[in-house]
Every structure is written in structure tokens, then in C-alpha cells.
Amino acid sequence: MEPKLNTRDLCPSFTGAALDMIKLIIAIAALALTAALAPLPLAPEVNQLQARIYLAAFLAAAACCAALGSRATGRLFTDHTATKLGCLLAALSMAISYYCLKTPLPLAVAGASICLIVFALAAFVRHEAKIAFSAAVGLLLVAACAMSVEATLRRVPEMTLAKEVRQTPPLVQPDQVNIVYKKNWFRGKRPCVDCPKDNIRIITLGGSSTYGVPMYYGSLSYTQSLQRFLDERRPGEHYEVLNAGVAAYGITQVIAALKEELLKYNPTIVTVCSWFNDSAPNNRWYQTPGISDWEAYERHRALQRLGEFPLYKKVRASKLFALSRWSLLGLKSALFAGSGGRKSSAPAIPRMNPDEFRWGLEEVVRLGEEHNFLPVFVLEAMHRPDSLKNAKRFNEYFKQIYAVAEKNDLPVVDTISPLHQVADLWTFHDFIHPNSVGHRIIAEAMYHDLIAEPATKRTRKFLEARGVDFGKPDVRLEIEKHLLSDALAKDGLDLNVRAPYLDNSPGRLEVTINNSKSYSFDGLSAEFKKFSIPPADFNTIRPLTDIRASAVIDRSNNPQWAIGSTGLYSPVLIDATSGGKNFGWRVLVTVDGQRIDSDGRGYNVSVIDAVQGDVLKQKHFDTFGAEANATALLKYIEQLETTYPARKLIVVVAVKTDGRHNVNKAALGNAFKSLGGSGELPQAMESFLLIGTPGAAPGTAVEEMGRKLVHKIIGSTAQEYARLLEEK
Amino acid sequence: MFRFFPQLFALACTALLLSSSAEADSAQSVLIPPNKRILSYYNKPFDSLNRKERWLIGVHGLRGTPLHRREWAVRQIERTVNRQIVPIRTYYLRASENPSFRVKEITVNFVMKRAGANGYDDRVLDISFASEYVPAVAGRPPLVDRGYTFRLSAANNIASAFFYRSDLTKVSLLPLDSLKLIPEKEYTVVLKFETDSVSFMLNNKNIGSYSSRELNTGMIALTGGWIPITINELKISALGADGTEAEYSGLVPQFHRGGT
């Protein structure tokens, strides 16, 4: 009997093929749906529909290749040939993908290579059991696939990709610790380049209180105030005070700033004014709640080091990594949408608790020993502080500061007591940031504890070794008092003063009362002398009388102090430098050693009282920047005599960068003539210096210009400190 | 004539530019001139202001009470930048900078808020008069910074007082330690000036008086602490150079309507 034809026997090949076809169609449909609905890493302006069509076509092609690879290779992969074929496929795939990666091929060709590799991968998966070293072969195929995808992504026009896929952000953002130095450098004063040999460099470190938040002018911070005090009161010694404060700095950032940036400036003294930011809860600096600043810093550095590892950098720079990152982040936000992001359940702990803070202070001390600088701790006060006794009792951070300072014989600058004494006055902008008055008080405290009466033996010894002479007279440019009017009206006023650095030139003591009435006493000399104002002269209407005493030195007929041939003599040492753009590119005007210019581009004009030597005004006009400034300069010079009527003036005009551009040459020349100049102006980018007086005959002033750095001195540097007064 | 054209042109430009410059350097004034752009915000309806514009209005004044920039100003030396901090600053009545300004009466109706949960207590209102200020060259302390201050305090660690201050030295003139304000309570303080005397009234009760010459001249100033003060009425009556009476306020009405 013939076997009955069973349609079922015929069916398997048709059924199998039909089933395969149906599976393929379903797979293609699913992929097409994915292409239609899935979010794409494309820039918003790209035609989304077109992109999706291309993607759907690509995915369909890849699906077909996968199906072919899986189904159509059965006869090739036998037990004997499978391993060889597998290895061949892997090698070919690697070669193709490497070629695509390195060669600038069109996008379609790169996409086609993916399909080929998908074909090989599908074949491998189907016949994996027969292939020896299947793990290695599989890895190679996966790597080849990844390389092909990378190559394809690189061929996609850059601007069609979403921003996040174009470039992956770094693993961690650079630590902001030293960014201020790279961006803004120190606040205000820059480190000196040609420093004097005995220069004492003081770097002040701390948070926003040190920086001077929220003040517009850095010159009002305690750093700059201390610089002024040192310049004025320590003749012959050279100090440089640099403001390295950064808002939100705590002790961790102070240490990091020292290690990473500041030690290269070889500071002599480093002052640290910190505790408030360290006590703040939650790590605002590194955005890592629940751990201390130092731990966060160490983690940050570890991640930074990982980010700099070459292989890691290469992977992170790849488009495939960017795409994966973009996808995962999208998935994360989709899963956690509406939950307001992952809220930290970490407890609110201070950035550095008192023990960690102490460790930080000791680290500063250790750095000081290693790099030969003196650490100085400055107490950071709050608005209207309580007494120092109570502050030490209740503030755990102060306790640590004093403990570390005592152990190492280091000074602690007490800012609390002087601020407490004036706690009912306005010395702060808010609960923690001092205003200009508060900063001045802090600077006085620092001057007192470092120089006037060094707080510790170690401080004294350290500074003496660096040339600080503690036997110098305690001098001031001006003696200032605010006294009870009733007492003055009863007893009058005796001032026992001397000008210890004055030579034989005749000197006078000028005493001004309430900024209006003035007394002039002859006989000021380098020896102490009593100057008396009788009680009858203090009939003032206000409860307090303001007294200001300053020295006036008569330099008339002394050629060294002559202002050219104007007939005027300067009572003060004037040292002026002008540098055009290619000739020094700077300006510096000092009076008795104190810098008075604004260091601005264009014309720097300083007006000095020719009798007393007081600096009345300093202003700069950026004539290079705007014509309006040139016009303002003209008007300023023309109005000098009316602005300061009945006063003899010395006017110092010094150019930085350029004094030619935008100016009305004839008018400005005439204006300078009225000061005693020749009427000539500098050429473009040239230096220019004029020291004259309103009303002087043309050509009589001190004037120099040209293609060189110009420097003039009126007076004798030996008498730079002649006006400083000491009171007994 | 053409010979002088450049000079005339330059002078005309200078006049034009300096008159329109918001940051013109006035040789006479120690108060920062108002910024024209920000001034224009005060004329807009409150609801039309964006967040930054409201902040710029709100930040100029005592905490809790903005003061109009056209009427009140800070000194050059106290200029601050926006650091998301509303700083404590003293505000001076611009008109009182004129040497011929003669104040007759100052009336302030206000309420002090409670101290915050963190315990920081700075509930103080200072009304200063006969103030003088002469700046020194940049960065140096002023040559003159003095005046009388009448202080009302609700703070635990600061007493009410009437004193005269010059720089950081002060002398008490009237004992007011026992005068302690209550937060959230409304007060009206009136300072009445004659040429040689001033009297202080608080909620119609006479607090005290003081006699001295020329108390009604000089700058008028207001200073408040960190804890907000709401001022509901602010009135300063004064005589100008020509003898005419003028009234000044400087409260910003739209902020009382809607708040910041």
C-alpha cells in the first residue's frame, strides 16, 4: 500500500516558513512602532517625521538581516565548520567596523555595516552551541557591533543631534575652589612681580565676609584696609596683602585653595577667617548632603582623577556613551516623573562639625610648617556680637580655634571685642557680612594683633626674622579724635606730637576742628612738642568735636620739590609713572608712598592740595574707550579752579595704554597748557606724564612723553615718611 | 566762528551726556544718583512688573519697606551689588542734602515684625537728623560722618536711645532704656523740630525733648535692621530755600497693595 499523502507532512515546511514570516512581520511592525514612538536624540529643529521614517527603514533592514542570519545559515554552520565560520565572522566584523570607524564613509554605508554585523551576530547566536570559544567570538561580535554603531553615530550630522548627545558633560564639574583665581584672580590687588626683597606677603582666606560681599568696592574690605594701614604706619617695611576670599568657602576649601593654587605665591602669612560656612548644614559646595565637606572633597578628587584616566576619557567621549547616557537619563526621569526628583533622606549635618573643623585648622598649621608661612586665625564675627567671653563659651568652633592656636602658639585675631564695643552701631550689612565700617574695625584688630602688639611670641619672632622692627614709632598720617565738646570747652586740648622722620625742613601741625576751623602751629619737628588749643576755641554746637591733626612740610625754595618752573613746591613726595601700550602698559602715582591712581586706561588725573599735600580727588578718563570720556576730561580740567576755589593745586596727569584716540587734540592741548604743559599730546599708545598746576605758564610744568616708560619723582624718597605723626 | 566749533560742540556734548547719564558724577552730592531705567519701573502697575523688576524696587529701602529711589538714596561708599542679599543700609532723604533744607516734622507710622525662629533679633528703627557726611578719597574712611539718632527698639539686646554719633564714637543724650517696643504693634513716632530744639512723641505720648542749635538742618536718614519693619505712613515736612513748605514721603504704594 502506498503511504497516504498526509498534508501535515507537507505543512511543516510551509508552516515553518509562514510562521517565520509572520514572526518577521511582527518584529518589523514592533520596530517600526518603536521608531515612530520612541524619543529620539535629535535637535528640536530636525524634521522628526523624516528621521523616524529613516530609522524605521533601518530597523526593518536590521531585522531582516537578523532573520536571515538566524535562519539562512543553518547549512553552513555544521559541527566541523561552525567554529571556523564563527571566528571568520568575528574577524570580518571587527575589520569592517574598524574600517568604518576610521574612514569617513557616508551615513548609509556605515548603517549598512551595522546590518552586516547584525547578520553575523544573529548567525552566531543561532549556532553558538556548535562554536568553540563562543564567549570570545561573541565578545568580538558585540564589540564590532558597538564600533559600527559608534561609526554610524559619528556620521550623523552634528547639529541634528540633541545637545546632550553632541557632547557629554565631564564626570564632575571642576571644583570651584580655585576657579576664582583663574577667572578673577585675587580681589583687587594683584601679586607683585618685581617685589622688594623683604616683601611680606599676607594672603587672607575665608568666605564671603573676607571677600567683601555684598560690597561693590573691594577697596573697602578688611584686606585692603589692612594694606593701607601697613603702607601708612610701617615706613621702610614692605607688605602686600592679597584678598583670596571666596563666597561660601569653608575650611576645606581654604586647605584646597592653599594646596592647589596659593602656595605657589610663597605667602609669608596666611590668615584664615572661617567657621560660619563650616557650621552650615548640608553640603552646599559639593551638593552632597549627608557627608562632610572634606569627605566630599576627597570623593570629588577621586572622581576627577578617574575622569582624567585616558581610557575612561576615550569611552566617555564616544557618541555611543553619550547616547546610552541620554537614554538612561530619559528613562530615569520618566520613571521618577512627578516625584520632584530623588529627595535626599540624608540628615542635615554641618559641612564640618567642630572636630572635623579642628582637623582642618591643624592641616593649615601643618601646611604652614611645611611651607614656612605663619597661619593666623581671625575670628569671624556676626552682627552685633556678644562679648568674647560668651562667644568662646557658646561657640564650639571658636573653642577649636583657640585650642589649636594655643597648642601652636599662633595668634587669634579678636574681632569680636572691638565689634562688641560698637554693637549698637551699624557695622554689618546683614547678620554675617560686615559693611565698610565693620571691615575697618576688623582690619584694625588684625593690625593690632599682628604688628602693633603681636599676640604671641612666635608671631613676634617670625616677623622679626623677616625684618619687622617692633621698635618703630607708632605713626599715623593723621591723628583723629572725636571728643566731648563739654570737656574741650572746659579744658582745651593738648597734643604732644612729633614727626619722627622729618628732616630739617620747617614743619607745621595743622589741626582742623569739625572739618571747618583750622589751627596752624609752627615748630613741628622730629622731637616731641606740646601744641595747645585753648578751651575758648571749642565753642561748638554739637556734643562731639572732631579733631584732625596732620603735618604740613614747607618745601619752598627746595629745588628737589619744585614743580618744574611753575614756582610751586610740593609738600609731599610725588612718584609718577606712565606706560603706553607698548612701553610698560601701566600707570602708578603715589603720594608719600601711598598709591592714589585708579589704574585705569586712558588719563589718570590726581589732584593734590599744594599746601597741605592732601589728595583731594583722583579720577580716570577712559578716552580710548569713548569720546564722551575725552569730553569729560576736558571739562574736568577746565573746572578745576572753580571746583577747588582759593586752593593751590598740584595736578598729576598720567596715561596708561593710550592718550590719543578720541581726544580733541587742540582742546586737550590747550587744557594741558593751562596746567603748565607744552600743549603737545602723546602719539597713539605712547606714554605721557604731566605734573603741573592750574594757571601756570605754558611749558613750566614737569612734562614728559614718548615711546618709552616715563617716570618722574618730585621730592626726595628719603623724606617719603616725613608727614607721619606720632602722639605721646 | 568755525574755529570755536569743536569746543562748542564738545561742551554741548558734555552737557548733553552728563545730563542724561544715569551715573553722572556730581561733585556736590555724596548720594548715588537714581538709575533712570529702574526709576521707570516705579511708574508701572505692580502686576505688570516681572520678578527682577519687583526685586529691584523691593531691595531699595528698609527690609519690609521699599523707599522710592527718587526720594531716598544711599551714600557712594555703601553701594552694594546684587548678591541675593537685601543689605542693611542707611537711606538719606535726597532733598535734605540741600544746605537750605529745614525739617519741621517727621512722622513715621510703623509695625515691627517678630524675631525669626533662629533667634536673630535686630528690630530697630533709627531716625537720624542733622547728619553730615564728607567722603575722603576712595577707600579711606570719610572725613565727616556724624549726626543725631533717635532709636526705637523692640530687640532684646539693643536699647532704645537718643544719641549723637561721630564715626564710631557716640554720646547718649536722653535716657530711653526703658522704652521697649512690642512687635506686631502699631506705633506712630513724631519728631517735631524748632530751630533749636526737637521733641519726640510716641503714640501721642511725649517721650522727651532736646535743645541745641541748628537741629533742623542737615541730612535726614532712616536705618532699619534685618528684621522687617512695615512703614504705613512716612511724612517729612520741611521748608525749602525759598521758604515754601514741602512734604516728602518716598513710600512705594504699589508694594503696600500687593507686597513683594
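Trainee: Hi! Which residues of S3(A) are buried on one side, and which on the other?

Mentor: Good place to start, and keep in mind that this is a predicted model. On one side of S3(A) the buried residues are Ile269(A), Thr271(A) and Cys273(A), and on the other they are Val270(A) and Val272(A). Both faces are covered.

Trainee: Why do the residue numbers skip like that?

Mentor: Because in a regular strand the side chains alternate between the two faces of the sheet.

Trainee: OK, and how many residues of strand S3 are buried in total?

Mentor: Five of the five, spanning residues 269-273 of chain A, so the strand is largely enclosed by the rest of the structure.

Trainee: Which strand does S1 of chain A join, and by how many bridges?

Mentor: S1, residues 200-206, is joined to S3(A) by five bridges, and the two run parallel. Within that pairing, Ile202(A) stands opposite Ile269(A).

Trainee: What about S4 of chain A, parallel or antiparallel to S3(A)?

Mentor: Parallel: four bridges link S3(A) to S4, which covers residues 374-378. There, Phe377(A) of S4(A) is the residue opposite Val272(A).

Trainee: Switching to helices. At what angle do H10 and H15 of chain A cross?

Mentor: At roughly 20 degrees, with the axes of H10 (residues 251-260) and H15 (residues 354-371) coming within 9 Å. Angles under 35 degrees count as roughly parallel, so H10(A) is roughly parallel to H15(A). Their crossing is left-handed.

Trainee: Which residues make that contact?

Mentor: H10(A) brings Ile251(A), Thr252(A), Val254(A), Ile255(A) and Leu258(A). From H15(A) come Phe357(A), Gly360(A), Leu361(A), Glu363(A), Val364(A) and Leu367(A). By class, eight of the contact residues are nonpolar, two polar and one charged.

Trainee: Nice. And how do H3 and H5 of chain A sit, what distance and angle?

Mentor: The axes of H3 (residues 82-102) and H5 (residues 134-155) come within 8 Å and cross at roughly 20 degrees. These two helices are therefore roughly parallel to each other.

Trainee: Left-handed or right-handed?

Mentor: H3(A) passes H5(A) in a left-handed crossing.

Trainee: Who's touching whom there, and what classes are they?

Mentor: The H3(A) residues include Gly86(A), Ala90(A), Met94(A) and Leu101(A), and those they meet in H5(A) include Val137(A), Leu141(A), Ala144(A) and Glu150(A). Over the whole contact, twelve residues are nonpolar, four polar and one charged.

How values were computed: Residues are numbered from 1 along each chain as its sequence is written. Chains are lettered from A and ligands numbered from 1 in the order in which they are written. This is a predicted model: local features need pLDDT of at least 70, side-chain atom pairs count only at pLDDT 80 or more; totals for chains, interfaces and linings use all residues. A residue is buried if 20 or more other C-beta atoms lie within 10 Å of its own, exposed if 12 or fewer, and partly exposed in between; C-beta atoms are placed from the backbone. Two strands pair if DSSP finds at least two bridges between them. Axes are lines fitted to C-alpha atoms, for helices over the stretch in contact, and angles run from 0 to 180 degrees between N-to-C directions. Angles under 35 degrees count as roughly parallel, over 145 as roughly antiparallel, 65 to 115 as roughly perpendicular and the rest as oblique. A crossing is left-handed if the near helix is turned anticlockwise from the far one by less than a right angle, and right-handed if clockwise. Two residues are in contact if their C-beta atoms, placed from the backbone, lie within 7 Å. Ala, Val, Leu, Ile, Met, Phe, Trp, Tyr, Cys and Pro count as nonpolar, Asp, Glu, Lys and Arg as charged, and the others, Gly among them, as polar.
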